[in-house]
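Here are a few notes to read alongside the model.

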Amino acid sequence: INLSLGGNVATVAEAETYQQVTAAGTVVVAAAGNSGLIEFFYPASYPSVISVANVDSFGNIASSSTRNIRMDVSAPGQYVISLSNDGYSITTLSGTSMAAPHVSGLAALLKSIDPSATPFDIRRALSLTAVDRSVEGLDGVYGYGIVDGVQAADFLTGTYNQNGNCAPDEQLITVRLTTDDYPLETSWEIWQDDVALLRYMGFDPNSEVTINECIPTTGCLVFILRDTYGDGICCEDGAGGVEIDLDGELLASGDFEDGEIAGVSFGPGCPQTNPPRPQPTSRPAPQPTLTALPTVDLPANPTSSITTDKDSGLTSPPMAAPTAPSGSTAATRSKLTENKPLLLLSSAIFIFYVYW
């Protein structure tokens, strides 16, 4: 499905509709918007939709192309030969509405090459073979970069040398994610030096997804797991969790029971964040069976500080998850939740009254 429409307001019902369409096996591609601003534009900014930016014939981003962290890929969209709306003449048009059809057509081609490919497979092939135009990996201007049809096709057919056969200066990371009832809230990323190398989102409910990627062997890397609603992925609404292997060895695992963001830092160059603790003089209390993710050392963010999400066993990075524009309902759920702050305040007032 190719979409050339949208606005700045998101709704849960619409987001769930696109998720259901994708889960049924249909790839959804949408124009990222033509405001030239840093803002979300829906439906392109929904997790299950492939958002497409607009570049010119030199591969430069168009000044009118909308920017945001939900950008997936870029494609040609300046002065594209098109049919005029008068019904018979030829003209040239520009915008992300001209770029998105290139990606939609390429997605259809990939599906014809491998009919068994899922929307997730096709999105992955498009993203991981895209040609970088700014920082390495993912950015909010080009997404992963400009789509490359030949490389994407090779990726699907297994001739693209990326997964399971890493270069000498790379290592294989395996992320096994189990989602809860609300997968639209869940995403994970790998960062290095304030650059997002990988990002995955748009999963199915209560599913197990295994991703293998090649990442650098040098420098400090940070794995980030996000839940935009803020209640983790376990255990009220499913049995979600994550397990991370590095070159076949377990790096970290956890259930992520509460909070918006959790993660783990690893690799040479990561500073020591946990000083040695003295040995206990008495028998310690029994420890939970959950293996908590180690403390995270994250990319610098002067506007935030590192905090620990209660009961998660994980350390929260300072990069806040994206929020929908004012008036949006994207951050709400179609279910009842308890108002814990109000309940605590009411309890405090009651205790004070009884005591007095």
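1. A word on exposure to begin with: buried means under 20% relative accessible area, exposed over 50%, and partly exposed in between (1.4 Å probe, protein chains only). I90 counts as exposed because its relative accessibility is 58%. I90 sits in strand β6 (residues 90-93).

2. Please keep in mind that this is a predicted model, where local features need pLDDT of at least 70, side-chain atom pairs count only at pLDDT 80 or more, and totals for chains, interfaces and linings use all residues. Residues are numbered from 1 along each chain as its sequence is written, and side-chain values use heavy atoms, leaving out hydrogens and water.

3. Now to the loop between β8 (186-192) and β9, where you will find D193 and also D194. D193 has a positive phi, near 55 degrees, in a residue other than glycine; D194, not a glycine either, has a positive phi of about 65 degrees. D193 is exposed because its relative accessible area is 65%, whereas D194, at 44% relative accessibility, counts as partly exposed.

4. Two cis peptide bonds deserve a look. One runs from Y42 to P43, with omega near 15 degrees, and P43 is placed in the loop between β2 (29-31) and β3 (50-55). Another runs from C234 to C235, with omega near 25 degrees; C235 belongs to strand β12 (residues 234-235). Helices (H or I, at least four residues) and strands (E, at least two) are DSSP runs, numbered from the N terminus.
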